[in-house]
Amino acid sequence: MALSLPPLYPILDASFLPDFERGAYLMRVVCELEEAGVTLLQYRNKHSVEEIPHDALIMRGGATSAVRLIMNDHPELAVDAGFNGVHVGQTDVAPLEARKVVGPERIVGVSTHNRAQLEAADKMPVDYIAFGPVFTTASKANPDPVVGLDGVSEVRSLTKKPLVAIGGITLENARSVLDAGANSVAVISAIFGPGKDSAKIAKDFLRIFR
Ligand code: TZP
Ligand code: MG
């Protein structure tokens, strides 16, 4: 059965985690996001694989089963931490390999950045396809060219799989991204970062989508 995606897919990037009381922050933010209505949450750590198991266990402990937790890049660590799935990019382990590791029940998502990659992903054993960057982003090293709203509408007809738009999505432009055909928006910096009330912002996103 096709995966039903919520309209908001926050990505908690470990670079935004505080050095001081990191675990307490993680536990709190996961609880608060769940309370705000978030039901799909990705953990992304490009900096240190060693940090992942501990962070992931705290996240799994902080969220009920109502929140599906997705691990960026590392299928084995997703399984070890009791996460609900894994997200892989074009240069990571291939989706088929990721599927073998996480099994048939967990979610596998893949990043795509152009039409050819999206068409290839459509034939792979993945539950959703991410596409972007839709807008300019500072959260990814060496991002692919911006695809824009036109890019989202163009690829919409190429797949029946759930389409997750990513890259530079904010409270101001999120509605237009769903209107262009995305099922969900994946968001890092508009939700997480110094001084940001992530749960309140998540609520604001969800309000826009109602
Ligand atoms: N893949 C394409 S853009 C992007 C990733 C991981 C970064 C998205 O972050 P932000 O801060 O929401 O632009
Ligand atoms: Mg990756």
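**Entry: the loop with Asn-142**

I began with Asn-142, which I found in the loop between strand S6 and helix H6; helices (H or I, at least four residues) and strands (E, at least two) are DSSP runs, numbered from the N terminus. The model I was reading is a predicted one, in which local features need pLDDT of at least 70, side-chain atom pairs count only at pLDDT 80 or more, and totals for chains, interfaces and linings use all residues. Residues are numbered from 1 along each chain as its sequence is written, while chains are lettered from A and ligands numbered from 1 in the order in which they are written.

Is Asn-142 buried or exposed? I noted that it is exposed, because 4 other C-beta atoms lie within 10 Å; a residue is buried if 20 or more other C-beta atoms lie within 10 Å of its own, exposed if 12 or fewer, and partly exposed in between, with the C-beta atoms placed from the backbone. I also wrote down that Asn-142 has a positive phi of about 50°, although it is not a glycine. Most residues other than glycine have a negative phi, and most peptide bonds are trans.

In the loop between S6 (128–131) and H6 (148–156) I also looked up Pro-133. The peptide bond that leads from Gly-132 to Pro-133 is cis, with omega near 5°.

I then turned to Glu-21, which sits in the loop between strand S1 (8–13) and helix H1. Glu-21 has a positive phi of about 50° without being a glycine, and it counts as exposed because it has 11 C-beta neighbours inside 10 Å.

Ala-24 has its place in helix H1, and I recorded it as exposed, since it has 11 C-beta neighbours inside 10 Å. From the C-alpha atom of Ala-24 to that of Asn-183 the separation is 32 Å, and the two residues are 159 residues apart along the chain.

**Entry: helix H1 against helix H2**

How do the axes of H1 and H2 cross? The axes of H1 (residues 22–36) and H2 (residues 52–62) come within 8 Å and cross at roughly 40°, where axes are lines fitted to C-alpha atoms, for helices over the stretch in contact, and angles run from 0 to 180 degrees between N-to-C directions. H1 passes H2 in a right-handed crossing; a crossing is right-handed if the near helix is turned clockwise from the far one by less than a right angle, and left-handed if anticlockwise.

On the H1 side I listed Gly-23, Leu-26, Met-27, Val-30 and Cys-31 as making the contact, and on the H2 side Asp-55, Ile-58, Met-59, Gly-61 and Gly-62; two residues are in contact if their C-beta atoms, placed from the backbone, lie within 7 Å. Sorted by class, this contact has 6 nonpolar, 3 polar and 1 charged residues, where Ala, Val, Leu, Ile, Met, Phe, Trp, Tyr, Cys and Pro count as nonpolar, Asp, Glu, Lys and Arg as charged, and the others, Gly among them, as polar.

**Entry: two tyrosines in strands**

Tyr-43 is found in strand S2 (residues 40–44), and it is buried, because 28 other C-beta atoms lie within 10 Å. Leaving aside neighbours within four places in sequence, I found Tyr-43 in contact with residues including Asp-55 and Met-59, both of which also take part in the contact of H2 with H1.

Tyr-128 lies in strand S6 and counts as buried, because it has 26 C-beta neighbours inside 10 Å. Not counting residues up to four places away in sequence, Tyr-128 touches Leu-3, Leu-5, Gly-109, Lys-161, Pro-162 and Val-164.

**Entry: Thr-159**

Thr-159 belongs to the loop between H6 and strand S7 (163–166), and I noted it as partly exposed, because 18 other C-beta atoms lie within 10 Å. Beyond neighbours within four places in sequence, Thr-159 is in contact with Leu-118, Asp-122 and Ile-129.

**Entry: ligand 1 and the whole chain**

Which residues are closest to ligand 1? I counted 15 residues around it, the closest being Thr-137, Ser-139, Gly-167, Ile-188 and Ser-189; a residue is near a molecule or strand if its C-beta atom, placed from the backbone, lies within 6 Å of it. The shell around ligand 1 divides into 7 nonpolar, 7 polar and 1 charged.

Last, I noted that the chain has 8 helices and 8 strands, and that buried residues make up 43% of its 210 residues.
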